[in-house]
Amino acid sequence: MPEIKVENVSKLIEGKPIVNNVSMEIPDKSFFCILGPPRSGKTMLMRLIAGLEMPDKGRILFDGEDVTALGPVERRVAIAFQDFALYPHLTAFDNIASPLKAMKLPKDEIRRKVLEVARYLKIEHRLTHYPSELSGGEKQRVAIARALVKDAEVILLDEPLVRLDYKIREDMRAELYKIQKEIGKNVILITGDPFEAMSLGERIAVMNEGRIVQLGTMEDIYERPVNVFVGRYFGVVEMNIFDGEIVKMNDVASLRTKIFEIPLKNARNLPEGSVKIGLRPEHMSVLELAGKREVNFRGKIVLTEVVGSDTIVHIDAGLGELLRVSVPAIYRRQIGEEIDVGFDIENLYIFSSKDEKLLARGGDLIG
Amino acid sequence: MVRIFLDHVTKIFGDKKKRVVAVDDVTLDIPDGAFVGLLGPSGCGKTTTLRIIAGLETPTKGRVYFNEEDVTDWEPRKRNVAMVFQFPVLYPTITVYENIALPLKAAKEPEAEVRKKVKEIAELVGITEFLGEKPVRLDVNVRQKVALAKALIRDPSVFILDEPLTVLDPKARIELRTKLKEIQLGLKKTMIYVTHDQTEALTLAEKIAVMNAGKILQYDTPEALYNNPANTFVGWFIGNPGMNLIECNVVEENDKLYLSTEGGFRYDISFIADELKKLGLPKNVVLGIRPEFVEIGSGPLEAKCVHVEYAGNRIILHLESYDRTLKAKTPITVKAKPGDTLRIDFVKEKIKLFDPKTGNAIL
């Protein structure tokens with residue numbers, strides 16, 4: 001039941017750092033999530049934690065003990081891969097028993113262990129069934145039972161839901177969370193889906209280009225993304241980013257864009273000159289549906305994209321980039337129609353245009 | 001200019017030992033110039049339906065009409081249907097221009113005419129700058145646009161699009177969706193769009209046929225599918241997340257009508273008592289309520305919060321209410337954490353009732 005510590009870990013492949021000087025702590029018995037786009041190094045980091053790969057630099061500690069040189073079995077780590085990879089020709093019982101059979105344990109001990117873990121995961125009544133006869137949630141439980149039966153203390157889930165239909169995913173996410181709470185072990189989820197991380201991870205490490213760019217709770221990261229990359233990536237709908245300028249004249253500061261200008265009260269810490277402005281689609285609204293906001297302007301509809309119960313309205317407002325506006329309803333309009341949209345200043349993000357780091361949130365500048 | 005009509009079409013694969021009914025008595029009317037979606041999970045029969053329309057499969061039973069003409073036995077070529085698939089089908093060793101021009105050259109059109117048409121279509125689709133390139137050197141987003149241009153140039157009577165946008169990156173997907181919509185509005189061609197993704201269908205199509213297990217369950221506008229699902233499957237399949245479906249008994253007590261369960265779930269539905277009585281007062285129903293119409297804070301029901309999913313400025317609460325589970329989608333300003341006990345209510349006019357046996361809507 002370890003607290004996991006990763007200390008200055010790097011892994012090179014053909015001289016290139018796939019994981020680049022990563023340090024982090026994963027609290028015991030938590031649901032932790034490593035989130036990143038393809039080739040961000042998240043899968044390699046998981047393999048390093050699992051003991052499937054040796055780091056070129058740094059070390060990994062489980063409860064203070066250096067496990068860098070140990071393999072997965074000695075670390076008591078189990079991995080469930082994409083699709084949960086169950087054997088289709090074996091019953092749930094035999095699937096769970098397969099690692100024990102490989103270890104050549106006596107039959108009655110295998111039976112005892114499988115039944116115990118099956119009871120734990122509430123699937124004892126499904127043990128004689130084949131994977132094709134099980135529901136998605138049951139398959140997931142069987143795969144996790146197979147991981148647990150080897151007395152694993154840490155369970156690594158490598159993009160377990162990625163190939164499933166999104167409708168199935170809706171329920172599987174909650175199921176994964178429930179299982180972690182029931183078994184009370186360390187579960188580490190590796191995913192490329194920000195929404196999955198948001199809905200599951202108690203703590204989330206966001207990776208990009210081999211490094212952890214931000215680590216925190218969902219609220220921390222959503223409220224204060226450290227840079228443009230996290231802002232864009234960590235959201236339900238990608239954050240709008242467009243160019244702006246901080247203008248200071250006779251102690252009066254303002255934020256200027258191609259189409260609007262906002263006076264700023266507390267802009268002392270902001271440098272003059274160009275900045276990047278971030279605005280989440282869900283913080284914008286269509287005026288005819290939600291009423292006037294602090295800043296309002298007009299745009300031309302490029303597409304109304306209906307995402308189930310919500311709509312993302314793509315508009316051209318003359319900012320150079322198209323803007324996305326989230327509407328919590330089905331809202332269909334013709335391409336080319338003009339609509340009024342708006343937002344409140346506190347919801348703005350200001351990023352540096354040099355290194356793209358977060359400089360301030362709108363709330364800090366008007367308060 | 002084609003109106004397509006499927007008249008009681010059934011397609012059975014296999015032999016006597018193993019029969020698979022892929023399409024089960026489907027009747028579908030696609031008006032001339034309409035943009036229609038075929039939506040359903042994998043294995044629902046949508047692709048077979050599309051292949052029957054294109055003439056790539058012959059139905060076991062039923063007829064296919066293009067306008068007044070029975071085309072059931074017509075070859076694909078004669079039907080003049082253009083298809084765009086999930087993965088763009090192009091000749092890799094000839095240029096984009098030659099790829100697009102191919103159908104016209106095969107029809108022996110004069111060179112000047114070919115050049116004019118290719119130029120027009122390339123502009124429409126937005127690939128003029130790539131005409132001299134070979135497909136192998138282009139990314140999949142551009143290649144799919146070329147495939148679309150190649151389909152358009154034949155001036156077909158019907159377009160069939162089989163999940164053409166799934167392999168594209170998000171930015172290109174938005175761009176091509178807009179393009180498709182514009183092209184359809186401009187050319188007024190009959191377009192049939194097949195997908196498992198509700199967003200694609202709801203965004204593009206005027207009317208959507210939702211399919212499951214070989215049958216069309218509902219053929220309606222996006223708004224109607226969302227507001228008035230004809231059955232529990234459509235209620236669940238459309239929406240993010242889908243509709244809550246709660247099996248209940250209907251009980252009459254002291255002049256009031258309740259939905260109730262053995263575990264103590266109890267909800268007053270006297271406001272629809274008259275309508276339900278007209279229907280002969282069913283004993284059991286499935287209560288359908290969308291997560292966005294579950295209200296948190298006050299109300300007649302108690303619910304325990306077991307999980308909170310964050311979705312931007314809204315949250316999805318997973319609730320246990322007596323012996324039933326349901327989800328609520330509410331603004332993030334509603335503070336709730338796992339373990340909290342909450343009071344909940346439903347937006348009354350949004351309540352749907354379904355028959356537990358057939359799954360069909362009754363109210």
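## Basis of the report

A polar contact is a pair of N or O atoms within 3.5 Å; within protein, one of the two must be able to donate a hydrogen and the other to accept it, and residues adjacent in sequence count only if both atoms are side-chain atoms. Across the interface of chain A and chain B, 16 residue pairs are in polar contact, both residues being at pLDDT 80 or more.

This is a predicted model, in which local features need pLDDT of at least 70 and side-chain atom pairs count only at pLDDT 80 or more, whereas totals for chains, interfaces and linings use all residues. Residues are numbered from 1 along each chain as its sequence is written, chains are lettered from A and ligands numbered from 1 in the order in which they are written, and side-chain values use heavy atoms, with hydrogens and water left out.

## The interface of chain A and chain B

With contact taken as heavy atoms within 4.5 Å, 34 residues of chain A and 39 residues of chain B take part. Together the chains bury about 3200 Å², of which 56% lies on carbon and sulfur atoms; buried area is the accessible area (1.4 Å probe) that two parts lose on being put together, summed over both. A:Y166, A:K167 and A:R332 supply 19% of the area that chain A buries against chain B, more than any other three residues.

The interface also holds 5 salt bridges, a salt bridge being a side-chain nitrogen of Lys or Arg within 4 Å of a carboxyl oxygen of Asp or Glu. One salt bridge joins A:D310 to B:R314, with the closest N and O atoms 2.7 Å apart. Elements giving two or more residues to the side of chain A that touches chain B are α6 (166–183), α7 (194–200), α8 (218–223), β16 (295–307) and β17 (310–316) of chain A. Helices (H or I, at least four residues) and strands (E, at least two) are DSSP runs, numbered from the N terminus. The most comes from α6(A), with 7 residues. By class, this side of chain A has 16 nonpolar, 7 polar and 11 charged residues; Ala, Val, Leu, Ile, Met, Phe, Trp, Tyr, Cys and Pro count as nonpolar, Asp, Glu, Lys and Arg as charged, and the others, Gly among them, as polar.

Two strands pair if DSSP finds at least two bridges between them. In chain A, an open sheet of 4 strands has the order β2-β1-β4-β5, with antiparallel pairing. Its edge strands, β2 (16–26) and β5 (65–66) of chain A, each pair on one side only. Helix α1 (residues 42–50) of chain A packs on the sheet and touches β1, β2 and β4 of chain A; the direction of the helix makes about 60 degrees with that of β2(A). Axes are lines fitted to C-alpha atoms, for helices over the stretch in contact, and angles run from 0 to 180 degrees between N-to-C directions.

Strands β1 (residues 4–13) and β4 (residues 57–62) of chain A run antiparallel and are joined by 5 bridges. A:E7 stands opposite A:R59 in β4(A), and A:R59 forms a salt bridge with A:E7, the closest N and O atoms being 2.9 Å apart. This pair links distant parts of the chain, 52 residues apart.

## The sheet of six strands

A further open sheet in chain A has 6 strands in the order β6-β7-β8-β3-β9-β10, with mixed pairing. Because β6 (77–80) and β10 (211–216) of chain A stand at the edges with a single partner strand each, one side of each is left without a neighbour in the sheet. The twist averages 20 degrees from one strand to the next.

Strand β6(A) runs parallel to β7 (residues 154–158) of chain A, and 4 bridges join them. Within this pairing, A:I79 stands opposite A:L156 in β7(A).
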